[in-house]
Amino acid sequence: MRYETVYSLSGGESFLVSLALALGLASLSSSRMKVESLFIDEGFGSLDPTTLNIAMDALERLHNQGRKVGLISHVQEMTERIPVQIKVSKQQSGKSKVEVSTMI
């Protein structure tokens with residue numbers, strides 16, 4: 001069997017490895033240590049449509065199990081599958097505007 005180093009992974013592959021590690025750690029919660037929230041910052045833009053769908057399915061399963069999943073991304077295809085969104089936009093005054101929308 002041949003093993004590849006993490007240095008030879010593409011951007012999408014590196015993201016999937018990181019996501020798998022985060023999901024694995026989240027599944028280790030027990031009565032003494034409970035992992036209820038998972039936040040993921042970017043990386044989704046490096047995935048092809050099929051792999052993006054697989055990643056979103058996994059995150060939706062976590063959400064359906066009662067876990068809180070927070071995603072930070074600019075990928076438009078994801079907005080159709082995320083029911084609650086927080087959008088932050090920069091205003092000319094230098095301040096930020098926060099909008100919360102639900103599609104439930």
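What is the volume of the largest pocket? The volume of the largest pocket is about 720 Å³. The views below come from a predicted model, in which local features need pLDDT of at least 70, side-chain atom pairs count only at pLDDT 80 or more, and totals for chains, interfaces and linings use all residues. Residues are numbered from 1 along each chain as its sequence is written, and side-chain values use heavy atoms, with hydrogens and water left out.

**View 1. Lining of the largest pocket.** The lining consists of 26 residues, and Val69, Leu71, Ile82, Val84 and Gln85 lie nearest the centre of the pocket. Helix 2, strand 2 (68-72), helix 3 (76-79) and strand 3 are the elements that give two or more residues to this lining. Helices (H or I, at least four residues) and strands (E, at least two) are DSSP runs, numbered from the N terminus. The search runs on a 1 Å grid over the protein atoms alone; a pocket is an open set of points where a 1.4 Å probe fits, with protein on both sides within 12 Å along at least five of seven lines, and lining residues have an atom within 4 Å of a point. Grid points are joined across faces, edges and corners, and the volume is the space filled by probe spheres set on the points.

**View 2. The largest nonpolar core.** This core has 12 residues: Phe15, Leu19, Ile40, Phe44, Leu47, Leu52, Ala55, Met56, Leu59, Leu62, Val75 and Met78. Two or more residues each come from helix 1 (11-27) and helix 2 (49-64), and helix 2 gives the most, with five. A nonpolar core is a set of buried Ala, Val, Leu, Ile, Met, Phe, Trp, Tyr and Cys residues joined through side-chain atoms within 4.5 Å. Buried means under 20% relative accessible area, exposed over 50%, and partly exposed in between (1.4 Å probe, protein chains only). Leu59, in helix 2, counts as buried because its relative accessible area is 3%.

**View 3. Salt bridges at Arg81.** The whole structure holds two salt bridges, each defined as a side-chain nitrogen of Lys or Arg within 4 Å of a carboxyl oxygen of Asp or Glu. In the Asp57–Arg81 pair, the closest N and O atoms are 2.5 Å apart. This pair joins helix 2 to the loop between helix 3 and strand 3, 24 residues apart. Glu60 and Arg81 form a salt bridge with an N to O distance of 2.9 Å. Glu60 lies in helix 2 and Arg81 in that loop, so this pair ties together parts 21 residues apart in sequence. Asp57 is partly exposed at 28% relative accessible area, Glu60 is partly exposed at 28%, and Arg81 is partly exposed at 24%.

**View 4. A nonpolar surface patch.** Val84, Ile86, Val88, Val98 and Val100 make a patch of about 490 Å². Strand 3 (84-90) and strand 4 (96-102) each supply at least two of its residues, with the largest share, three, from strand 3. Val98 is in strand 4 and counts as exposed because its relative accessibility is 55%. Patch residues have over 30% relative accessible area and no salt bridge; nonpolar side chains (Val, Leu, Ile, Met, Phe, Trp, Tyr) are joined within 5 Å.

Note on methods: Patches are made of residues with over 30% relative accessible area and no salt bridge: like charges are joined within 9 Å, nonpolar side chains (Val, Leu, Ile, Met, Phe, Trp, Tyr) within 5 Å. Accessible areas come from the Shrake-Rupley method with a 1.4 Å probe; for residues, only the protein chains shown count as cover.
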